[in-house]
Structure formats: structure tokens, C-alpha cells
Amino acid sequence: MEKTVTGTNVQVGDKMFSLIEELYPICRSITGEGVRKTLNILKKQFPLEVYEVPSGTEVFDWTVPKEWNINDAWIKDTKGNKIIDFQDSNLHVLNYSIPVDRKVTLDELKEHLHTLPEQPDLIPYRTSYYNERWGFCMKHATLESLDEGEYHAFIDSSLEEGSLTYGELYIEGETEEEILISCHVCHPSLCNDNLSGISVATQLAKDLLAGENRYSYRLLFIPGTIGSITWLSQNEEKLRNIKHGLVLSCVGDEGHVHWKKTRKENSEVDRAVARVLEESNDAFELLDFSPYGYDERQFSSPGIRLEVGCFMRSPWGTFPEYHTSADNLDFVHPESLEDSFNKISSVLQLLEDNRTYKNLNPKCEPQLGRRGLYSKTGGQSQQAVDHMAVLWVLNLSDGSNSLLDISERSNIPFNAIRVAADALKEVNLLKEM
Ligand code: ZN
């Protein structure tokens with residue numbers, strides 16, 4: 001793949017931010033028109049395949065649920081004033097709420113209200129996918145202002161046989177071996193979790209389509225949990241080709257990058273991410289694997305065993321805006337999106353470039369001067385060849401060490417090791433294993 005962005009160019013960040021702005025108003029859920037609308041917008045940017053899996057389909061231990069759609073919702077007070085309105089924020093409705101059209105007392109209404117007493121000016125995001133009930137989410141301050149009396153609760157939603165919708169893009173590379181990139185598409189008007197993941201994955205898709213790749217790539221735009229379970233249960237034959245995977249979520253806030261390691265914890269993708277983050281000189285944290293979080297949970301289950309970690313900036317649940325109306329367009333930034341995109345692109349580039357070689361002149365050092373390898377400008381790369389990198393590559397290339405192994409052991413940046421290997425290959429001192 002080719003990297004298209006470097007340094008302070010914010011154009012790509014702006015493009016990703018614009019996509020978030022376009023997707024932000026849509027009321028998404030794990031099924032329904034919101035997901036379809038979202039995927040249709042993505043389809044304008046790259047050739048995404050959209051799949052529909054009927055309600056009732058058995059997927060491992062789960063069943064694809066009924067499809068949920070919503071037109072409108074509000075609560076009116078005795079005077080007929082709307083105290084909350086779905087048209088102002090789709091977070092106001094409990095996601096997957098069944099329809100209701102009832103006059104209720106304040107006490108009865110309260111049983112169906114969700115608020116955040118600690119953050120009284122924010123609307124919480126709540127769901128009830130597998131328990132059929134109705135409900136609203138509102139600012140705690142609004143709840144506190146309500147008088148006794150009769151309220152009219154109205155939700156014009158439907159929960160009917162339909163389908164679960166997901167998007168998939170397969171990009172064929174030189175080998176059948178694949179890198180999986182996955183993000184969830186089931187949250188309504190929330191930006192960091194998870195429109196940021198959708199927009200960075202979209203930019204990666206466009207970038208990968210424009211370049212030439214050694215790996216094949218599979219990008220999934222799926223509803224959280226039930227979407228990955230559905231995809232895995234219907235695509236088991238594809239799993240053997242997937243060598244590395246990244247789940248993207250919360251990649252647009254100002255926090256530093258966190259990588260949640262794969263179940264194996266020292267797989268090639270874990271080491272590639274760690275190397276890129278170390279070389280960036282920016283703050284970062286590596287988190288141990290745990291069987292909770294996003295869809296890496298399903299990809300890492302013992303019967304699936306893919307080496308998939310999760311790339312985040314601020315991890316879910318750790319920032320006060322998480323799953324509230326404050327995870328809005330002010331909370332994500334073009335610069336952060338672009339930094340996430342650049343770092344993930346660098347990880348993919350490292351995986352693309354990570355080869356294992358054998359030194360064809362293993363008995364003592366070859367005479368480098370004769371081959372023009374002292375302070376030479378390397379190959380087509382126009383990058384100076386680092387002499388220590390050349391010596392490390394020659395020494396460790398016995399067929400068992402990859403370029404990443406050599407970079408880690410020598411503590412020389414991966415790219416310098418790669419440039420050295422390219423130069424040695426050019427003068428026939430290295431053979432790829
Ligand atoms: Zn979430």
C-alpha cells in the first residue's frame with residue numbers, strides 16, 4: 001500500500017471529519033434503516049458490498065433479531081408542550097424501544113426514563129435489544145423540572161421481521177493472506193464511539209484500493225456483537241486466511257493511542273503496533289487482552305482464534321463523554337482522526353514490508369565497499385542506507401528472523417532496517433524466505 005499522508009497535512013483529517021458530520025444525524029441501531037442509510041453513504045466513496053441476513057437466522061448461540069425502525073417520539077406535558085423530542089436528538093429514545101402511545105402519571109413515566117444524575121445536562125445512550133420494553137433518555141435536569149401530572153408518551157417505532165444489514169469490502173492483494181479491519185456501525189448520534197471508526201476505516205479502504213498490496217484486506221462495517229457473530233457464523237471458511245486484525249473504535253478524540261493486545265498478546269500485529277507507536281515518539285499505552293470490549297471479543301473467542309486487537313485513542317468507558325450526548329461533533333477532531341489514520345497506515349505498511357531473508361554470504365561479513373554499500377543512497381527509495389542497519393540485517397538474516405525481529409533487537413527504526421534489506425537484496429546478498 002502507498003501512504004498518502006504525512007506530517008501536518010490536515011486534508012485527510014478534514015475529509016474524515018466531513019463524513020462524520022454527514023453520518024451524525026442518522027439514528028442507527030443493530031438493525032434497520034439507519035444502518036442501511038449509513039452503508040449507502042459509504043458506498044458512494046468505495047465499492048462496499050451490503051448484505052442482509054433475515055431475522056430469525058441462527059448464528060452460533062444467537063438469533064438475528066427482529067428489525068427495528070423509528071419515525072418519531074416525544075413526551076408531552078398536560079399543556080401539550082413537548083418536554084423531549086426525538087427530532088432534537090435520537091438519543092432521547094431507548095434504542096430498540098417498542099412503540100407506545102399512552103397517557104401516564106409522572107411516577108409511571110419515571111419507570112421508563114433514563115438519566116445521568118452525575119452529569120445532569122447530558123442525555124445518556126441506552127439500548128434494550130433483547131428485552132422488549134419502551135423508554136426514553138433525557139437530561140437529569142429536565143427530569144428534575146417536571147411537575148406532577150399526566151404525561152403523553154409517544155414512540156412511533158416498529159419491531160418486525162426484517163434483516164440485519166452489514167457491509168463488507170474485500171481487496172485482493174498478491175497473496176491470499178488477509179488483514180481484517182472491523183468497525184461497528186450500530187450507534188446513533190455518537191461521534192467518537194463509533195463514527196470515528198467508520199470514517200477512519202473508510203479512508204483506509206480508499207487508500208488501500210488506490211495502492212498495490214501484498215496482503216489482501218477485508219473491511220467489515222458491522223453492528224456490534226450480533227454483527228460480528230453473524231458474520232463469523234456465515235463466513236467460517238474465510239477465517240483461515242486472516243492473519244492479522246484490527247478493530248477500530250474511539251479514534252477521533254484528543255487522547256493518546258491505546259492498543260488492546262490480541263488474545264495471544266505477542267502476535268505480529270501486536271508487535272507491529274508497538275513498534276510504530278514507539279517510533280512515533282508520541283505518548284501511547286498497550287493494554288492487556290481481556291474478553292470484554294468491542295468485536296475483538298468475538299474474533300478472539302477460543303473457537304475462532306483470530307489475532308485481532310483493538311486500536312483506540314481514549315478507551316471506551318474511560319472518558320466522561322462516553323455513551324452520552326457529549327460524544328458529539330465537538331468531541332472529535334480532524335487532527336486526531338488523521339493521526340489515527342497515519343498510525344494505522346504505518347502499522348499496515350510495516351506488516352506489508354515485514355519479510356524474512358537469508359544472507360547469501362553468511363561466512364564472515366561480505367565486502368560492502370566493493371558493492372557500493374558504504375554511505376550509499378539506497379535503491380529507488382532515495383533514503384540513505386544506515387550502516388549499522390546493514391550489519392544487523394546481514395547478521396540476523398539466517399532465515400529465522402523477520403525484519404521486525406531485527407528492528408526490535410537492534411532498536412533501529414523499522415524503515416531503516418527495511419531500506420538496508422532492500423539495498424542488500426539489490427546486490428544479491430539477501431534472498432527472501
Ligand atoms: Zn458503544
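**The whole chain**

Display the entire protein chain as a cartoon, bearing in mind that this is a predicted model. The C-alpha atoms fill a box of roughly 95 × 40 × 35 Å, taken along the principal axes. The protein chain holds twelve helices and 21 strands. Colour by accessibility next: of the 433 residues, 57% count as buried. If contacts with a separation of 6 or more are drawn, 80% of those in the protein chain are accounted for by residues 24 or more positions apart.

**The zinc ion**

Select the zinc ion together with His187, Asp193 and His323. Which atoms coordinate the zinc ion? The donors are NE2 of His187, OD of Asp193 and NE2 of His323, at 2.0 to 2.1 Å. Along the sequence, these donor residues follow the spacing H-x5-D-x129-H. Asp193 and His323 link distant parts of the chain, being 130 residues apart. Asp193 lies in helix H5 (residues 191-210), whereas His323 is in the loop between strand S16 (308-312) and helix H9 (334-353).

Are Asp193 and His323 buried or exposed? Asp193 has a relative accessible area of 0% and is therefore buried. His323 has 18% relative accessibility, and since buried means under 20%, His323 also counts as buried.

**His92 and its surroundings**

Move to His92, in the loop between strand S5 (82-85) and strand S6 (100-105). Its relative accessibility is 8%, so His92 counts as buried. Show the residues around this side chain: leaving aside neighbours within four places in sequence, His92 is in contact with Ile84, Asp85, Ile123, Gly135, Phe136, Cys137 and Met138.

**Helix H6**

Select helix H6, residues 226-234. How many of its nine residues are buried? Eight of the nine are, and the helix is mostly covered. The buried residues are Ile226, Gly227, Ser228, Ile229, Thr230, Trp231, Leu232 and Ser233.

**Helices H1 and H2**

Select helix H1 (residues 11-23) and helix H2 (residues 33-43), whose axes are 11 Å apart and pack at an angle of about 150°. H1 and H2 are therefore roughly antiparallel to each other, as angles over 145 degrees fall in that class. The crossing of H1 past H2 is right-handed. Show side chains at the contact: Leu19, Glu22 and Leu23 in H1 meet Thr38, Ile41 and Leu42 in H2. By class, the residues of this contact comprise four nonpolar, one polar and one charged.

**Helices H11 and H12**

For the last stop, select helix H11 (residues 403-410) and helix H12 (residues 414-426). Their axes come within 9 Å and cross at roughly 125°. That angle makes H11 oblique to H12. The crossing of H11 and H12 is right-handed. On the H11 side, the contact involves Leu403, Leu404, Ile406, Ser407 and Ser410; on the H12 side, these meet Phe414, Ile417, Arg418 and Ala421. The contact of H11 with H12 has six nonpolar, two polar and one charged residues.

Notes: Residues are numbered from 1 along each chain as its sequence is written. This is a predicted model: local features need pLDDT of at least 70, side-chain atom pairs count only at pLDDT 80 or more; totals for chains, interfaces and linings use all residues. Side-chain values use heavy atoms; hydrogens and water are left out. Donors are N, O and S atoms within 2.8 Å of the metal (3.2 Å for Na, K and Ca); water is not among the atoms, so sites may look incomplete. Helices (H or I, at least four residues) and strands (E, at least two) are DSSP runs, numbered from the N terminus. Buried means under 20% relative accessible area, exposed over 50%, partly exposed in between (1.4 Å probe, protein chains only). Axes are lines fitted to C-alpha atoms, for helices over the stretch in contact, and angles run from 0 to 180 degrees between N-to-C directions. Angles under 35 degrees count as roughly parallel, over 145 as roughly antiparallel, 65 to 115 as roughly perpendicular and the rest as oblique. A crossing is left-handed if the near helix is turned anticlockwise from the far one by less than a right angle, and right-handed if clockwise. Contact means heavy atoms within 4.5 Å. Ala, Val, Leu, Ile, Met, Phe, Trp, Tyr, Cys and Pro count as nonpolar, Asp, Glu, Lys and Arg as charged, and the others, Gly among them, as polar.
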